[in-house]
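Please look over the model shown here. A short report on its geometry is set out below it.

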Amino acid sequence: MPSGKTHLRIELLLLPVWVALFYLFVDTSWQAGALFAGAYLFSSLLLSPDLDLRYNRSRRRWGLLGFIWIPYTKVFKHRGVSHSLLFGTLTRLGYLGLLALIIAFVLSYFNIWAIPSDALSAPPIDLKFLGILIAGLWLPNVIHTVTDHVHSALLRH
Ligand SMILES: [Zn+2]
């Protein structure tokens with residue numbers, strides 16, 4: 001498989017292309033563009049599908065918090081669901097959400113922090129905002145998986 005460095009390089013090289021397409025076909029406001037690019041960078045740097053490996057650059061970028069991905073490497077075998085085009089990103093976002101939930105419950109159990117009682121009745125999230133966010137987070141992971149497949153296919157020939 002291509003190295004983490006190669007993956008990141010390809011993803012970052014394509015970013016201007018996506019931003020241009022985004023500007024032309026989705027939204028011309030700089031706020032929407034910044035949201036998209038921010039989510040894309042976050043995903044490229046910190047949510048790589050290779051977090052299913054014990055050692056990877058993405059995990060190293062988490063610094064001291066890198067250990068939180070250890071259970072993820074145990075659950076997801078390399079290039080399994082973690083590399084799925086549809087569900088890969090979802091496994092990592094769901095995993096982070098689950099961790100946040102566990103931390104919130106532990107904090108509230110020990111009366112350190114209370115989960116706001118109106119947490120479940122939060123204002124509805126803007127669908128466009130959510131769509132842009134998901135696209136930005138998802139796209140680098142798709143590129144990663146496609147790159148992995150192309151690389152494997154080339155090696156086979
Ligand atoms: Zn990979």
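The report covers the model, the overall fold, a helix pair, a metal site and one further residue.

## Model and conventions

This is a predicted model, where local features need pLDDT of at least 70 and side-chain atom pairs count only at pLDDT 80 or more, while totals for chains, interfaces and linings use all residues. Residues are numbered from 1 along each chain as its sequence is written, and side-chain values use heavy atoms, with hydrogens and water left out.

## Overall fold

The protein has 6 helices and 0 strands. Its order along the sequence is α-α-α-α-α-α. Helices (H or I, at least four residues) and strands (E, at least two) are DSSP runs, numbered from the N terminus.

The C-alpha trace spans about 60 × 40 × 25 Å along its principal axes. Of the 157 residues, 33% count as buried. Buried means under 20% relative accessible area, exposed over 50%, and partly exposed in between (1.4 Å probe, protein chains only). Among contacts (heavy atoms within 4.5 Å) with a separation of 6 or more, 65% join residues 24 or more positions apart.

## Packing of α2 and α6

Helix α2 (residues 30-46) packs on helix α6 (residues 127-156) at an angle of about 35 degrees, and their axes are 8 Å apart. Axes are lines fitted to C-alpha atoms, for helices over the stretch in contact; angles run from 0 to 180 degrees between N-to-C directions.

Residues in α2 that meet α6 include L35, F36 and F42. On the α6 side, the contact includes F129, L133 and I143. The contact residues divide into 14 nonpolar, 4 polar and no charged. Here Ala, Val, Leu, Ile, Met, Phe, Trp, Tyr, Cys and Pro count as nonpolar, Asp, Glu, Lys and Arg as charged, and the others, Gly among them, as polar.

## Zinc site

Which residues are the protein donors of the zinc ion? They are D50 (OD), H83 (NE2), H144 (NE2) and D148 (OD), lying 2.2 to 2.3 Å from the ion. Donors are N, O and S atoms within 2.8 Å of the metal (3.2 Å for Na, K and Ca); water is not among the atoms, so sites may look incomplete. The donor spacing along the chain is D-x32-H-x60-H-x3-D.

D50 lies in the loop between α2 and α3 (57-61) and H144 in helix α6, so this pair ties together parts 94 residues apart in sequence. Both D50 and H144 are buried.

## Residue A100

A100 sits in helix α5 (residues 88-109). A100 is partly exposed, at a relative accessible area of 45%. A100 and P116 are 16 residues apart in sequence and 14 Å apart in space, C-alpha to C-alpha.
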